[in-house]
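This briefing concerns the sheet, the aromatic contacts and the nonpolar core of a single model. Please consult the sequence and structure shown here alongside the notes that follow.

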Amino acid sequence: MRHFRNSLVYKLRNKILRRVFVSHQIGKGNEIGFSMQPFVRASTIDIKGDKNIVAIGSNCLFNNVKIIIRGNGNTIRMGDGTKFNRSGEIWIVGDNCLFELKEHVGIESA
C-alpha cells in the first residue's frame, strides 16, 4: 500500500502550493536528501560552497525556514519528525561543521 505522501496527487499539490524547498546552490558536490518529502511552506536552502550535505528525515515540517550554508564540507542532519512550526534560520559559516537535530524536535520562531 502506497503512503499518501508518495502519491502523484500529493506531489502535484505541493508543487502547486509551492510546498517544496527552493534551492540555490553555488559550488560542486553538494547533496540535499530527504527520507520522505517533508511538508514545506515558503522555505529555502541556500548553499555557497563545495561538498555540503543537508539530510532531512521523514515526517518533517518546515514553515518559513531558511537553511544557509557558507563554506565547504558541512553537514546538516534533521531527524524524523523535526518541526519548525513558525519560522527559523539555520546558518553555518565555516568549513567541516555539523548541525544535527535528533528525532521529534520542535522549534518555534528560532
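An open sheet is formed by 4 strands in the order S3-S6-S9-S12, with parallel pairing. The model is predicted. The edge strands are strand S3 (39-41) and strand S12 (106-107), each of which pairs on one side only.

**Strand pairing**
- Strands S9 and S12 pair in the parallel sense over 2 bridges.
- Phe 84 has Ile 107 as its bridge partner in S12.

**Aromatic pair**
- The structure contains 1 aromatic pair.
- The ring centres of Phe 62 and Phe 84 are 5.7 Å apart and the ring planes stand at 25°, so the pair is stacked; planes under 30 degrees apart count as stacked.
- Because Phe 62 belongs to strand S6 (residues 61-63) and Phe 84 to strand S9 (residues 83-84), the pair ties together parts that are 22 residues apart in sequence.
- Phe 62 and Phe 84 are both buried.

**Surroundings of Phe 62**
- Leaving aside residues up to four places away in sequence, Phe 62 touches Phe 21, Pro 38, Phe 39, Val 40, Arg 41, Ser 43, Ile 56, Met 78 and Phe 84.

**Nonpolar core**
- The largest nonpolar core comprises 18 residues, and those with the most contacts inside it are Val 54, Phe 62, Ile 67, Ile 76, Met 78 and Phe 84.
- Two or more residues of this core come from each of strand S4 (44-48), strand S5 (53-56), strand S7 (65-70), strand S8 (75-78) and strand S10 (88-93).
- S7 gives the largest share of this core, 3 residues.

How values were computed: Residues are numbered from 1 along each chain as its sequence is written. This is a predicted model: local features need pLDDT of at least 70, side-chain atom pairs count only at pLDDT 80 or more; totals for chains, interfaces and linings use all residues. Side-chain values use heavy atoms; hydrogens and water are left out. Rings of Phe, Tyr and Trp (its six-membered ring) pair if their centres lie within 6.5 Å; planes under 30 degrees apart count as stacked, over 60 as edge-to-face and the rest as tilted. Buried means under 20% relative accessible area, exposed over 50%, partly exposed in between (1.4 Å probe, protein chains only). A nonpolar core is a set of buried Ala, Val, Leu, Ile, Met, Phe, Trp, Tyr and Cys residues joined through side-chain atoms within 4.5 Å. Contact means heavy atoms within 4.5 Å. Two strands pair if DSSP finds at least two bridges between them.
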